[in-house]
Amino acid sequence: MRRPRTKRGALLAVGGSVVLVAVVCFLLIYFVLFPTSSPKPLSLSSSVAAAPVSAGTTFAGRWTIAAGSLAGYRVREKLGFLPAESDAVGRTSAITGLATFAQSGRVVSIRAASFTVDVLKLKSNEAMRDQHIQTIGIQSATYPTATFRLSSPLALPATALDGDVVRSSVTGVFTIHGASRRETVPVEMRLSNSEIQAAGSLTFPWSEFNMTAPSVGGFVSVTNRATMEFDLRLRRA
């Protein structure tokens with residue numbers, strides 16, 4: 001490559017090099033921080049076929065969190081002025097809690113429920129993102145847990161005993177980032193002989209739980225709404 005013979009040529013060469021480096025860095029950050037696909041929203045397993053609950057099975061009693069349970073967040077990230085191609089998703093299986101069920105004939109109801117998520121253990125596909133949310137956004141280093149406590153009993157339709165997916169809404173108090181709010185959340189549930197599964201999500205403005213949408217150097221930011229999603233598996237305590 002020929003060396004520039006004038007000062008103006010040298011400046012143009014330097015400027016071109018800076019632009020090239022900036023473009024390379026932009027592409028590197030874009031494709032590292034914003035992969036082209038994200039995990040699908042949490043939902044009931046589609047591989048489980050509906051099957052009626054065996055005669056004589058009762059759901060009355062306490063049920064506790066079992067293996068396979070997940071909870072986490074989903075937010076739309078933005079790079080500069082460009083929309084991200086996918087959502088940022090972080091999840092954890094560090095969930096504890098239990099629910100108390102009652103049953104009268106073919107009517108199964110949830111009488112009480114309380115769950116705690118260790119948000120300090122949330123993991124996404126980027127270690128850098130996982131580090132940042134400890135001090136910005138959800139600030140998990142300061143507020144390491146998120147909780148839910150059912151505040152209104154919920155009766156399930158009789159079709160739940162047929163193994164069908166039932167859709168309803170649960171009302172309870174969410175505590176996230178140290179702030180508590182009473183919310184009603186749509187859920188899908190399925191009962192089987194040995195397991196109860198419930199999945200759903202809550203979308204809210206960051207400010208509802210006294211949070212500020214994360215921004216890293218003004219270059220990587222997120223939109224003003226976040227989604228908390230869950231897939232809970234319960235086994236008899």
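**Arg91 and its surroundings**

Author: The side chain of Arg91 reaches the backbone oxygen of Lys40 at a distance of 2.6 Å. The model is a predicted one. Arg91 belongs to strand S3, which covers residues 82-92. Its relative accessibility is 18%, and because the cut-off for burial is under 20%, Arg91 counts as buried.

Setting aside residues up to four places away in sequence, Arg91 touches Pro39, Lys40, Pro41 and Leu42, and also Lys121, Leu122 and Lys123.

Gly72 stands opposite Glu229, a residue of strand S13. Strand S2 (residues 70-79) and S13 (residues 225-236) pair in the antiparallel sense, over five bridges. S2 also pairs with strand S12 (residues 220-222), again in the antiparallel sense, over three bridges. There, Leu79 has Val220 of S12 as its bridge partner. S2 is mostly covered, with seven of its 10 residues buried. As a general point, side chains in a regular strand alternate between the two faces of the sheet.

Burial may also be considered for nonpolar residues. In soluble globular proteins, nonpolar side chains tend to be buried together. The largest nonpolar core here has 49 residues, of which Phe101, Met189 and Leu191 touch the most other members. Leaving aside neighbours within four places in sequence, Leu191 is in contact with Val53, Phe59, Val108, Leu156, Ala160, Leu161, Gly163 and Ile196.

The aromatic rings complete the description. A search of the whole structure finds four aromatic pairs. In one of them, the ring centres of Phe148 and Phe174 are 4.8 Å apart and the planes stand at 50°, so the pair is tilted. Phe148 lies in strand S6 (residues 145-150) and Phe174 in strand S8 (residues 166-176), so the pair ties together parts that are 26 residues apart in sequence. Phe148 counts as buried at 12% relative accessibility, and Phe174 counts as buried at 6%. Phe204 and Phe209 form an edge-to-face pair, with 4.9 Å from centre to centre and 70° between the planes. Both Phe204 and Phe209 are buried.

Key. Residues numbered from 1 in each chain as written. Predicted model: local features only at pLDDT ≥ 70, side-chain atom pairs only at ≥ 80, totals over all residues. Heavy atoms only, no water. Phe/Tyr/Trp six-rings, centres within 6.5 Å; stacked < 30°, edge-to-face > 60°. Helix = DSSP H or I, 4+ residues; strand = E, 2+ residues; numbered from the N terminus. Buried < 20%, exposed > 50% of the residue type's maximum accessible area, 1.4 Å probe, protein only. Pairing = 2+ DSSP bridges. Core = buried A, V, L, I, M, F, W, Y, C linked by side-chain atoms within 4.5 Å. Contact = heavy atoms within 4.5 Å. Polar contact = N/O pair within 3.5 Å; in protein donor to acceptor, adjacent residues only side chain to side chain.
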